[in-house]
Amino acid sequence: MPRASENRDYDVIVVGTGVAGHCAALEALDAGARVLMVDSEGAAGGSSQHSTGMVMGANTRYQREHGILDDSAARLYQSYTMSNQWSVQPSVAKRLCYEAGPTVDWLESRGVELLDVVGSSGEDRPRSHVTRGGAAIVGALAGRVGSYDRVDTIFKTRVDRLLMREGAVVGVAAGDESVRAGSVVLATGGLGADLDLLAQWHPEAFYEGWSTPSYVGPASARGDGLRIAQQIDAQIVRSRGSRSPMWSFGGGYPPGYLMIVNALGRRFYDETSGYGVAELMFSREPGGRGFAVFDDAVKREMAGTGDVAKHVSVMIPETLEQYGHFTTRGIDELVKSGDVKKAETLELLATTFGVPAENLLGSVERYNAHVARGFDDDYLKPAKCLRPISTGPYYGFGVELYLFGLTGAGIRIDHQAS
(Lines give C-alpha, C1' and ligand atoms only; values in the text may rest on other atoms or scores of the structure.)
Protein backbone atom coordinates (compact mmCIF):
# COMPACT_ATOMS: atom_id res chain seq x y z
CA MET A 1 0.00 0.00 0.00
CA PRO A 2 1.43 3.40 -0.92
CA ARG A 3 2.65 5.86 1.67
CA ALA A 4 3.09 9.58 1.10
CA SER A 5 4.15 11.00 4.46
CA GLU A 6 4.82 10.05 8.08
CA ASN A 7 1.65 11.47 9.63
CA ARG A 8 -0.99 11.24 6.93
CA ASP A 9 -0.85 9.33 3.67
CA TYR A 10 -4.18 10.56 2.27
CA ASP A 11 -6.90 12.98 3.17
CA VAL A 12 -9.64 10.41 2.56
CA ILE A 13 -9.64 6.62 2.28
CA VAL A 14 -12.69 5.01 0.67
CA VAL A 15 -13.18 1.29 1.24
CA GLY A 16 -15.29 -0.13 -1.59
CA THR A 17 -15.54 0.79 -5.27
CA GLY A 18 -19.24 0.51 -6.02
CA VAL A 19 -21.51 3.49 -6.70
CA ALA A 20 -21.35 4.69 -3.08
CA GLY A 21 -17.56 4.47 -2.98
CA HIS A 22 -17.10 6.34 -6.23
CA CYS A 23 -19.57 9.04 -5.22
CA ALA A 24 -17.68 9.56 -1.95
CA ALA A 25 -14.32 9.63 -3.72
CA LEU A 26 -15.54 12.07 -6.33
CA GLU A 27 -16.95 14.48 -3.78
CA ALA A 28 -13.66 14.38 -1.88
CA LEU A 29 -11.66 14.94 -5.07
CA ASP A 30 -13.90 17.82 -6.10
CA ALA A 31 -13.12 19.37 -2.71
CA GLY A 32 -9.38 19.11 -3.35
CA ALA A 33 -8.59 16.01 -1.27
CA ARG A 34 -6.01 13.34 -1.95
CA VAL A 35 -7.91 10.05 -2.05
CA LEU A 36 -7.16 6.34 -1.79
CA MET A 37 -9.78 3.79 -2.90
CA VAL A 38 -9.39 0.18 -1.71
CA ASP A 39 -11.32 -2.88 -2.82
CA SER A 40 -11.04 -6.57 -1.99
CA GLU A 41 -11.85 -7.61 -5.54
CA GLY A 42 -9.91 -7.39 -8.78
CA ALA A 43 -12.02 -4.67 -10.39
CA ALA A 44 -14.42 -1.88 -9.48
CA GLY A 45 -18.15 -2.42 -9.16
CA GLY A 46 -19.07 -4.32 -6.02
CA SER A 47 -22.76 -5.02 -5.58
CA SER A 48 -23.63 -1.97 -7.68
CA GLN A 49 -22.66 -3.65 -10.93
CA HIS A 50 -25.50 -6.14 -10.43
CA SER A 51 -28.10 -3.39 -10.07
CA THR A 52 -30.61 -2.41 -12.73
CA GLY A 53 -29.42 1.15 -12.19
CA MET A 54 -32.76 2.74 -11.29
CA VAL A 55 -32.24 5.97 -9.37
CA MET A 56 -35.09 7.17 -7.17
CA GLY A 57 -35.69 10.90 -6.94
CA ALA A 58 -38.50 13.40 -6.34
CA ASN A 59 -39.18 16.80 -7.89
CA THR A 60 -36.64 16.32 -10.68
CA ARG A 61 -36.56 17.99 -14.07
CA TYR A 62 -37.17 14.57 -15.67
CA GLN A 63 -40.42 14.26 -13.75
CA ARG A 64 -41.49 17.76 -14.72
CA GLU A 65 -40.69 17.12 -18.38
CA HIS A 66 -42.92 14.04 -18.21
CA GLY A 67 -45.79 16.00 -16.64
CA ILE A 68 -45.26 14.77 -13.08
CA LEU A 69 -45.71 18.08 -11.30
CA ASP A 70 -47.09 17.10 -7.90
CA ASP A 71 -44.18 15.16 -6.41
CA SER A 72 -41.95 16.38 -3.60
CA ALA A 73 -39.25 15.22 -1.21
CA ALA A 74 -41.82 15.30 1.60
CA ARG A 75 -44.17 13.03 -0.35
CA LEU A 76 -41.28 10.68 -1.14
CA TYR A 77 -40.30 10.53 2.52
CA GLN A 78 -43.84 9.62 3.54
CA SER A 79 -44.07 6.95 0.83
CA TYR A 80 -40.60 5.55 1.55
CA THR A 81 -41.09 5.13 5.28
CA MET A 82 -44.53 3.63 4.74
CA SER A 83 -43.36 1.14 2.12
CA ASN A 84 -40.55 0.07 4.47
CA GLN A 85 -43.10 -0.36 7.26
CA TRP A 86 -41.28 2.26 9.39
CA SER A 87 -38.30 -0.06 9.82
CA VAL A 88 -35.79 2.59 8.72
CA GLN A 89 -34.14 5.30 10.83
CA PRO A 90 -36.26 8.43 10.22
CA SER A 91 -33.43 10.99 10.19
CA VAL A 92 -31.41 9.00 7.66
CA ALA A 93 -34.44 8.20 5.52
CA LYS A 94 -35.49 11.84 5.45
CA ARG A 95 -32.03 12.99 4.39
CA LEU A 96 -32.02 10.33 1.67
CA CYS A 97 -35.40 11.43 0.33
CA TYR A 98 -34.55 15.13 0.31
CA GLU A 99 -31.19 14.57 -1.37
CA ALA A 100 -32.41 11.97 -3.88
CA GLY A 101 -33.75 14.47 -6.42
CA PRO A 102 -30.60 16.63 -6.51
CA THR A 103 -28.55 13.42 -6.72
CA VAL A 104 -30.16 12.60 -10.07
CA ASP A 105 -28.84 15.90 -11.45
CA TRP A 106 -25.48 15.33 -9.73
CA LEU A 107 -25.05 11.93 -11.36
CA GLU A 108 -25.87 13.32 -14.78
CA SER A 109 -23.39 16.16 -14.30
CA ARG A 110 -20.72 13.54 -13.54
CA GLY A 111 -21.23 11.69 -16.79
CA VAL A 112 -23.94 9.15 -15.94
CA GLU A 113 -26.35 8.72 -18.85
CA LEU A 114 -30.02 8.94 -17.91
CA LEU A 115 -32.64 7.81 -20.39
CA ASP A 116 -35.62 10.00 -21.11
CA VAL A 117 -37.87 7.76 -19.01
CA VAL A 118 -39.38 8.00 -15.54
CA GLY A 119 -40.94 4.76 -14.31
CA SER A 120 -42.65 3.36 -11.26
CA SER A 121 -42.59 0.09 -9.38
CA GLY A 122 -45.77 0.47 -7.39
CA GLU A 123 -44.91 3.89 -5.91
CA ASP A 124 -47.50 6.62 -5.53
CA ARG A 125 -45.62 8.68 -8.14
CA PRO A 126 -43.24 7.68 -10.94
CA ARG A 127 -39.77 8.33 -9.47
CA SER A 128 -37.47 5.71 -10.99
CA HIS A 129 -34.92 7.41 -13.22
CA VAL A 130 -33.47 4.99 -15.70
CA THR A 131 -29.80 4.51 -16.55
CA ARG A 132 -27.98 1.90 -18.61
CA GLY A 133 -27.54 -0.17 -15.44
CA GLY A 134 -25.44 -0.25 -12.30
CA ALA A 135 -22.28 -1.23 -14.15
CA ALA A 136 -22.73 1.78 -16.44
CA ILE A 137 -23.06 4.11 -13.43
CA VAL A 138 -19.89 2.70 -11.91
CA GLY A 139 -18.09 3.03 -15.23
CA ALA A 140 -19.07 6.67 -15.67
CA LEU A 141 -18.11 7.65 -12.12
CA ALA A 142 -14.86 5.68 -12.29
CA GLY A 143 -13.96 7.52 -15.46
CA ARG A 144 -14.53 10.86 -13.76
CA VAL A 145 -12.57 9.79 -10.67
CA GLY A 146 -9.73 8.60 -12.88
CA SER A 147 -9.41 12.03 -14.46
CA TYR A 148 -7.84 13.29 -11.22
CA ASP A 149 -4.15 12.81 -10.42
CA ARG A 150 -4.83 12.96 -6.67
CA VAL A 151 -6.36 9.49 -6.44
CA ASP A 152 -4.88 6.00 -6.10
CA THR A 153 -6.87 2.77 -6.34
CA ILE A 154 -5.80 -0.58 -4.93
CA PHE A 155 -7.59 -3.82 -5.81
CA LYS A 156 -7.28 -7.30 -4.34
CA THR A 157 -6.68 -5.84 -0.90
CA ARG A 158 -9.17 -6.75 1.82
CA VAL A 159 -9.17 -4.23 4.66
CA ASP A 160 -9.36 -6.16 7.92
CA ARG A 161 -9.22 -3.45 10.61
CA LEU A 162 -9.42 0.25 11.31
CA LEU A 163 -6.57 2.26 12.83
CA MET A 164 -7.53 4.18 15.95
CA ARG A 165 -5.97 7.05 17.87
CA GLU A 166 -7.55 8.71 20.90
CA GLY A 167 -10.97 7.31 20.02
CA ALA A 168 -10.90 8.45 16.40
CA VAL A 169 -10.47 6.43 13.20
CA VAL A 170 -7.22 7.51 11.53
CA GLY A 171 -6.71 4.90 8.83
CA VAL A 172 -7.09 1.31 7.67
CA ALA A 173 -4.96 -1.81 7.63
CA ALA A 174 -4.78 -4.99 5.58
CA GLY A 175 -2.51 -7.62 7.05
CA ASP A 176 0.86 -6.03 7.78
CA GLU A 177 0.17 -2.94 5.64
CA SER A 178 -1.49 0.22 6.95
CA VAL A 179 -2.44 3.61 5.56
CA ARG A 180 -3.42 6.73 7.49
CA ALA A 181 -5.91 9.41 6.54
CA GLY A 182 -7.91 12.26 7.97
CA SER A 183 -11.20 10.52 7.11
CA VAL A 184 -12.27 6.97 6.29
CA VAL A 185 -15.43 6.15 4.34
CA LEU A 186 -16.76 2.59 4.61
CA ALA A 187 -18.62 1.94 1.36
CA THR A 188 -18.48 -1.83 1.37
CA GLY A 189 -21.31 -4.01 0.11
CA GLY A 190 -23.83 -6.05 2.05
CA LEU A 191 -23.42 -9.31 3.95
CA GLY A 192 -25.55 -11.69 1.92
CA ALA A 193 -22.63 -13.83 0.77
CA ASP A 194 -21.71 -14.69 4.36
CA LEU A 195 -24.29 -17.21 5.57
CA ASP A 196 -23.29 -16.86 9.23
CA LEU A 197 -23.81 -13.10 9.23
CA LEU A 198 -26.97 -13.50 7.16
CA ALA A 199 -28.41 -15.93 9.70
CA GLN A 200 -27.46 -13.59 12.55
CA TRP A 201 -28.90 -10.39 11.11
CA HIS A 202 -31.52 -11.59 8.63
CA PRO A 203 -32.91 -14.95 9.75
CA GLU A 204 -35.96 -14.30 7.57
CA ALA A 205 -33.73 -15.09 4.58
CA PHE A 206 -33.92 -18.75 5.61
CA TYR A 207 -37.59 -18.91 4.77
CA GLU A 208 -39.63 -22.08 5.25
CA GLY A 209 -36.71 -24.45 5.38
CA TRP A 210 -34.42 -22.85 2.80
CA SER A 211 -31.05 -23.89 4.23
CA THR A 212 -29.12 -21.87 1.65
CA PRO A 213 -30.97 -18.74 0.49
CA SER A 214 -30.54 -17.55 -3.05
CA TYR A 215 -28.65 -14.27 -2.71
CA VAL A 216 -28.50 -11.82 -5.59
CA GLY A 217 -25.14 -10.12 -5.21
CA PRO A 218 -21.42 -10.71 -5.55
CA ALA A 219 -19.36 -13.15 -3.53
CA SER A 220 -17.52 -10.11 -2.15
CA ALA A 221 -20.58 -9.04 -0.11
CA ARG A 222 -19.20 -10.63 3.04
CA GLY A 223 -20.06 -7.95 5.57
CA ASP A 224 -16.52 -6.56 5.78
CA GLY A 225 -17.67 -3.10 6.81
CA LEU A 226 -19.76 -4.54 9.60
CA ARG A 227 -16.98 -6.82 10.83
CA ILE A 228 -14.28 -4.16 11.04
CA ALA A 229 -16.68 -1.68 12.64
CA GLN A 230 -17.54 -4.19 15.35
CA GLN A 231 -13.85 -4.39 16.23
CA ILE A 232 -14.04 -0.82 17.54
CA ASP A 233 -17.42 -1.39 19.23
CA ALA A 234 -19.41 0.57 16.67
CA GLN A 235 -23.14 0.08 17.05
CA ILE A 236 -24.73 -2.23 14.49
CA VAL A 237 -28.39 -1.78 13.63
CA ARG A 238 -30.77 -3.79 11.53
CA SER A 239 -33.60 -2.66 9.28
CA ARG A 240 -35.61 -4.86 6.97
CA GLY A 241 -34.03 -7.06 4.36
CA SER A 242 -35.65 -7.69 1.03
CA ARG A 243 -36.89 -10.99 -0.34
CA SER A 244 -38.36 -11.29 -3.81
CA PRO A 245 -40.69 -13.87 -5.33
CA MET A 246 -38.95 -15.50 -8.28
CA TRP A 247 -39.71 -18.26 -10.74
CA SER A 248 -38.62 -21.55 -9.27
CA PHE A 249 -36.36 -22.62 -12.14
CA GLY A 250 -33.79 -19.86 -12.35
CA GLY A 251 -34.30 -16.84 -10.15
CA GLY A 252 -36.13 -14.31 -12.29
CA TYR A 253 -39.08 -12.01 -11.55
CA PRO A 254 -42.21 -13.29 -13.35
CA PRO A 255 -43.50 -11.03 -16.16
CA GLY A 256 -46.40 -8.96 -14.87
CA TYR A 257 -48.85 -10.02 -17.56
CA LEU A 258 -49.08 -13.56 -16.15
CA MET A 259 -51.75 -14.53 -13.61
CA ILE A 260 -50.44 -15.80 -10.26
CA VAL A 261 -52.47 -17.82 -7.78
CA ASN A 262 -51.77 -19.21 -4.32
CA ALA A 263 -51.91 -22.80 -3.06
CA LEU A 264 -55.70 -22.53 -3.00
CA GLY A 265 -55.79 -21.58 -6.69
CA ARG A 266 -56.84 -17.99 -6.04
CA ARG A 267 -55.29 -14.69 -7.08
CA PHE A 268 -53.99 -12.64 -4.19
CA TYR A 269 -52.27 -9.51 -5.58
CA ASP A 270 -51.52 -7.33 -8.61
CA GLU A 271 -48.88 -9.28 -10.50
CA THR A 272 -47.18 -6.08 -11.69
CA SER A 273 -46.45 -4.98 -8.12
CA GLY A 274 -42.95 -3.94 -7.18
CA TYR A 275 -40.65 -6.15 -5.14
CA GLY A 276 -41.61 -4.68 -1.78
CA VAL A 277 -45.34 -5.19 -2.25
CA ALA A 278 -44.90 -8.63 -3.81
CA GLU A 279 -42.72 -9.70 -0.88
CA LEU A 280 -45.38 -8.68 1.61
CA MET A 281 -48.16 -10.45 -0.29
CA PHE A 282 -46.19 -13.68 -0.77
CA SER A 283 -45.08 -13.71 2.87
CA ARG A 284 -48.72 -14.14 3.83
CA GLU A 285 -49.09 -17.26 1.71
CA PRO A 286 -48.21 -20.79 2.90
CA GLY A 287 -44.54 -21.41 2.25
CA GLY A 288 -44.20 -18.09 0.44
CA ARG A 289 -45.23 -19.85 -2.76
CA GLY A 290 -47.58 -19.33 -5.68
CA PHE A 291 -48.11 -20.50 -9.26
CA ALA A 292 -48.00 -18.50 -12.50
CA VAL A 293 -50.51 -19.54 -15.15
CA PHE A 294 -50.72 -18.62 -18.85
CA ASP A 295 -52.04 -20.06 -22.07
CA ASP A 296 -50.76 -20.97 -25.51
CA ALA A 297 -51.66 -17.56 -26.96
CA VAL A 298 -49.38 -15.84 -24.46
CA LYS A 299 -46.67 -18.39 -25.18
CA ARG A 300 -46.88 -17.66 -28.91
CA GLU A 301 -46.75 -13.92 -28.15
CA MET A 302 -43.29 -14.56 -26.70
CA ALA A 303 -41.79 -15.49 -30.08
CA GLY A 304 -38.74 -13.24 -29.79
CA THR A 305 -35.38 -13.87 -31.40
CA GLY A 306 -33.21 -16.78 -30.31
CA ASP A 307 -33.33 -17.25 -26.56
CA VAL A 308 -34.27 -13.69 -25.67
CA ALA A 309 -37.77 -12.27 -25.98
CA LYS A 310 -38.61 -8.61 -25.68
CA HIS A 311 -41.78 -7.48 -24.00
CA VAL A 312 -43.24 -4.19 -22.96
CA SER A 313 -41.94 -3.56 -19.48
CA VAL A 314 -44.47 -3.17 -16.69
CA MET A 315 -42.35 -0.63 -14.87
CA ILE A 316 -41.20 1.40 -17.84
CA PRO A 317 -43.81 1.15 -20.59
CA GLU A 318 -41.73 3.06 -23.13
CA THR A 319 -38.82 0.61 -23.05
CA LEU A 320 -38.33 -3.08 -23.71
CA GLU A 321 -37.44 -5.53 -21.00
CA GLN A 322 -35.69 -8.82 -21.67
CA TYR A 323 -36.73 -12.15 -20.22
CA GLY A 324 -34.25 -14.81 -21.28
CA HIS A 325 -36.52 -17.75 -20.41
CA PHE A 326 -39.71 -16.29 -21.77
CA THR A 327 -39.57 -17.13 -25.45
CA THR A 328 -41.65 -19.65 -27.31
CA ARG A 329 -38.57 -21.80 -27.76
CA GLY A 330 -37.38 -21.21 -24.21
CA ILE A 331 -40.70 -22.32 -22.74
CA ASP A 332 -40.65 -25.48 -24.87
CA GLU A 333 -37.24 -26.30 -23.43
CA LEU A 334 -38.50 -25.66 -19.90
CA VAL A 335 -41.46 -27.96 -20.52
CA LYS A 336 -39.02 -30.70 -21.57
CA SER A 337 -36.97 -30.18 -18.42
CA GLY A 338 -40.10 -30.20 -16.26
CA ASP A 339 -39.58 -26.66 -14.91
CA VAL A 340 -42.69 -25.43 -16.71
CA LYS A 341 -45.77 -27.66 -16.58
CA LYS A 342 -47.99 -28.12 -19.63
CA ALA A 343 -51.55 -29.47 -19.64
CA GLU A 344 -54.33 -29.67 -22.19
CA THR A 345 -56.90 -28.40 -19.69
CA LEU A 346 -56.86 -26.13 -16.68
CA GLU A 347 -58.21 -28.99 -14.58
CA LEU A 348 -55.17 -31.09 -15.39
CA LEU A 349 -52.86 -28.13 -14.72
CA ALA A 350 -54.50 -27.67 -11.31
CA THR A 351 -53.92 -31.35 -10.54
CA THR A 352 -50.27 -31.00 -11.52
CA PHE A 353 -49.81 -28.18 -9.01
CA GLY A 354 -51.98 -29.78 -6.36
CA VAL A 355 -54.43 -26.87 -6.17
CA PRO A 356 -58.23 -27.23 -6.11
CA ALA A 357 -59.37 -27.38 -9.75
CA GLU A 358 -62.67 -25.61 -9.08
CA ASN A 359 -60.82 -22.69 -7.48
CA LEU A 360 -58.37 -22.32 -10.37
CA LEU A 361 -61.20 -22.49 -12.90
CA GLY A 362 -63.10 -19.84 -10.97
CA SER A 363 -60.04 -17.61 -10.73
CA VAL A 364 -59.38 -17.88 -14.46
CA GLU A 365 -63.01 -17.16 -15.28
CA ARG A 366 -63.00 -14.06 -13.10
CA TYR A 367 -59.63 -12.96 -14.49
CA ASN A 368 -60.84 -13.34 -18.08
CA ALA A 369 -63.83 -11.18 -17.24
CA HIS A 370 -61.43 -8.46 -16.06
CA VAL A 371 -59.50 -8.79 -19.32
CA ALA A 372 -62.68 -8.49 -21.39
CA ARG A 373 -63.68 -5.30 -19.56
CA GLY A 374 -60.17 -3.92 -19.69
CA PHE A 375 -60.29 -3.31 -15.95
CA ASP A 376 -59.10 -5.45 -13.04
CA ASP A 377 -61.94 -5.18 -10.52
CA ASP A 378 -59.98 -6.97 -7.82
CA TYR A 379 -56.37 -5.74 -7.74
CA LEU A 380 -56.34 -2.86 -10.27
CA LYS A 381 -53.66 -4.43 -12.43
CA PRO A 382 -52.93 -2.11 -15.39
CA ALA A 383 -55.08 -2.95 -18.42
CA LYS A 384 -52.03 -3.13 -20.71
CA CYS A 385 -50.77 -6.08 -18.67
CA LEU A 386 -53.98 -8.13 -18.78
CA ARG A 387 -53.91 -11.23 -20.99
CA PRO A 388 -56.75 -13.80 -21.26
CA ILE A 389 -56.22 -17.42 -20.31
CA SER A 390 -58.46 -19.19 -22.79
CA THR A 391 -56.42 -20.99 -25.46
CA GLY A 392 -55.11 -24.45 -24.65
CA PRO A 393 -52.73 -25.98 -23.96
CA TYR A 394 -52.06 -24.27 -20.66
CA TYR A 395 -48.78 -23.65 -18.87
CA GLY A 396 -47.66 -22.91 -15.35
CA PHE A 397 -44.67 -22.80 -13.03
CA GLY A 398 -43.93 -22.25 -9.37
CA VAL A 399 -43.14 -18.82 -7.95
CA GLU A 400 -41.32 -18.79 -4.64
CA LEU A 401 -40.30 -16.17 -2.11
CA TYR A 402 -36.64 -16.98 -1.80
CA LEU A 403 -34.36 -14.50 -3.55
CA PHE A 404 -32.65 -12.26 -0.98
CA GLY A 405 -31.50 -9.02 -2.55
CA LEU A 406 -30.99 -6.47 0.22
CA THR A 407 -29.32 -6.79 3.59
CA GLY A 408 -30.32 -3.91 5.79
CA ALA A 409 -27.88 -4.46 8.66
CA GLY A 410 -24.94 -2.12 9.14
CA ILE A 411 -23.25 0.59 11.16
CA ARG A 412 -25.52 3.10 12.82
CA ILE A 413 -25.09 6.54 11.23
CA ASP A 414 -26.69 9.92 11.70
CA HIS A 415 -28.38 11.98 9.01
CA GLN A 416 -24.97 13.11 7.76
CA ALA A 417 -23.76 9.50 7.42
CA SER A 418 -21.20 9.90 10.18
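**Figure 1. The buried residues of helix 3 (residues 73–83) are shown here**. The model is predicted: local features need pLDDT of at least 70, side-chain atom pairs count only at pLDDT 80 or more, and totals for chains, interfaces and linings use all residues. Residues are numbered from 1 along each chain as its sequence is written, and side-chain values use heavy atoms, with hydrogens and water left out. Helices (H or I, at least four residues) and strands (E, at least two) are DSSP runs, numbered from the N terminus. In helix 3, Ala73, Leu76, Ser79 and Thr81 are buried, where buried means under 20% relative accessible area, exposed over 50% and partly exposed in between (1.4 Å probe, protein chains only). These buried residues pack against strand 3 and helix 4 (90–109); contact means heavy atoms within 4.5 Å. Glutamine 85 follows helix 3 and has a positive phi, near 55 degrees.

**Figure 2. Three strands form an open sheet in the order 3-5-4**. The pairing in this sheet is antiparallel; two strands pair if DSSP finds at least two bridges between them. Strand 3 (55–56) and strand 4 (114–119) are the edge strands, and each pairs on one side only. Two bridges join strand 3 to strand 5 (residues 128–131) in the antiparallel sense, and methionine 56 has serine 128 of strand 5 as its bridge partner. Strand 4 and strand 5 also run antiparallel, with three bridges between them. Here leucine 114 is opposite threonine 131 of strand 5.

**Figure 3. The side chains of strand 5 point two ways**. In a regular strand the side chains alternate between the two faces of the sheet. From strand 5, Ser128 and Val130 point one way, while His129 and Thr131 point the other way. Which of these residues are buried? All of them are: Ser128, His129, Val130 and Thr131.

**Figure 4. An open sheet of six strands has the order 6-2-1-9-8-7**. Its pairing is mixed. Strand 6 (151–154) and strand 7 (161–165) are at the edges with a single partner strand each, so one side of each has no neighbour in the sheet. From one strand to the next, the twist averages 40 degrees. Strand 2 (residues 35–38) pairs with strand 6 in the parallel sense over four bridges. In this pair, leucine 36 is opposite aspartate 152 of strand 6.

Figure 5. Axes are lines fitted to C-alpha atoms, for helices over the stretch in contact, and angles run from 0 to 180 degrees between N-to-C directions. The crossing of helix 1 and helix 5 is left-handed, meaning that the near helix is turned anticlockwise from the far one by less than a right angle, whereas clockwise counts as right-handed. On the helix 1 side, Val19, His22, Cys23, Ala25, Leu26 and Leu29 meet Ile137, Val138, Leu141, Ala142, Arg144 and Val145 of helix 5. By class, this contact has ten nonpolar residues, one polar and one charged. Ala, Val, Leu, Ile, Met, Phe, Trp, Tyr, Cys and Pro count as nonpolar, Asp, Glu, Lys and Arg as charged, and the others, Gly among them, as polar.

**Figure 6. Helix 11 (residues 346–353) packs with helix 12 (residues 357–373)**. The angle is about 125 degrees and the axes are 9 Å apart. That makes helix 11 oblique to helix 12. Their crossing is right-handed. Leu346, Glu347 and Ala350 of helix 11 make the contact with Ala357, Leu360, Leu361 and Val364 of helix 12. Six of the contact residues are nonpolar, none is polar and one is charged.

**Figure 7. Asparagine 368 lies in helix 12**. Residues up to four places away in sequence are not counted here, and asparagine 368 touches Pro388, Ile389 and Ser390. Asparagine 368 and arginine 387 are 19 residues apart in sequence, and 7.8 Å apart in space, C-alpha to C-alpha.

Technical notes
Parallel < 35°, antiparallel > 145°, perpendicular 65-115°, else oblique.
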